[in-house]
Amino acid sequence: MAKRKKQNKKKKSFLKIFLIILAIVLVLSGIVFSLAYFDIVDIPVISDIFNKEETIEQDEEEDDIALEDLEDIDLAEEVLNSSEVLGTIKVTISSQTTMEQETVELFNARGFDASQVTSSYTIDGTYYSEEVIDETSTTYHPIYNLLYISDDDYYWYIYCIDGEFFAYPTSYILSHTDETETYVSESEYIISYDSYTNYFNRIIPNDSNIITVDEINAETLDELASKELMVS
């Protein structure tokens, strides 16, 4: 009986020692990995693991960026190839591009709710995701847009590109099956933005109908929606 108690006691003591050693090993491993991760000490094997993970992540990000660039190139080429190009200008040298503060004032003056105006490109053509602009910001963007819904639930996309406005009557386009694109502009042309080259292009798209008005504003678009562009 005494012998069995002695054996049990030895087993418990061994288990305690094992658990203590295991805890120490885990703590030390965590410290070593942390030191290697933050480059406090150089441990080749661990550093190789971290470097491989970072390389994989960077490769995936570069692949995503490359895919976006290809899509931008294809879209820009499609627009230009199917349009009459009246002129081009590099974004960074244009004197018409507006900052967020100015753009809010322009949209408000035209009767639109400027609190919903968005932009998604920096002035050098970098895409950063669509965000609502700030009425106090002095940051410049090449293109701004707004989804405008008139009182009779008529949908428009309003664009301010290089300081000029034009509108795209979404409700009208969706209700017509012909291939003619319709735009409402203050000029005989519209402006496209090519983020890949970071150029503005003044174009007249082929097979398009550009309705010219004195000013793109809420009242004018509401009137067009209820009369000339009635959705049947």
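First, some ground rules. This is a predicted model, where local features need pLDDT of at least 70, side-chain atom pairs count only at pLDDT 80 or more, and totals for chains, interfaces and linings use all residues. Residues are numbered from 1 along each chain as its sequence is written, and side-chain values use heavy atoms, with hydrogens and water left out.

Show the chain as a cartoon: you'll find five helices and ten strands (DSSP runs, numbered from the N terminus: H or I of at least four residues for helices, E of at least two for strands). Of its 232 residues, 34% are buried (under 20% relative accessible area, 1.4 Å probe, protein chains only).

Next, select Phe107, Phe112, Trp156, Ile158, Val184, Ile216 and Leu221. In the largest nonpolar core, which has 23 residues, these touch the most other members. Such a core is a set of buried Ala, Val, Leu, Ile, Met, Phe, Trp, Tyr and Cys residues joined through side-chain atoms within 4.5 Å. Helix H5 (218-226) is one of the elements that give two or more residues to this core; H5 gives the largest share, four residues.

Now zoom in on H5. Which of its residues are buried? They are Ala218, Leu221, Leu224 and Ala225.

Methods: Buried < 20%, exposed > 50% of the residue type's maximum accessible area, 1.4 Å probe, protein only.
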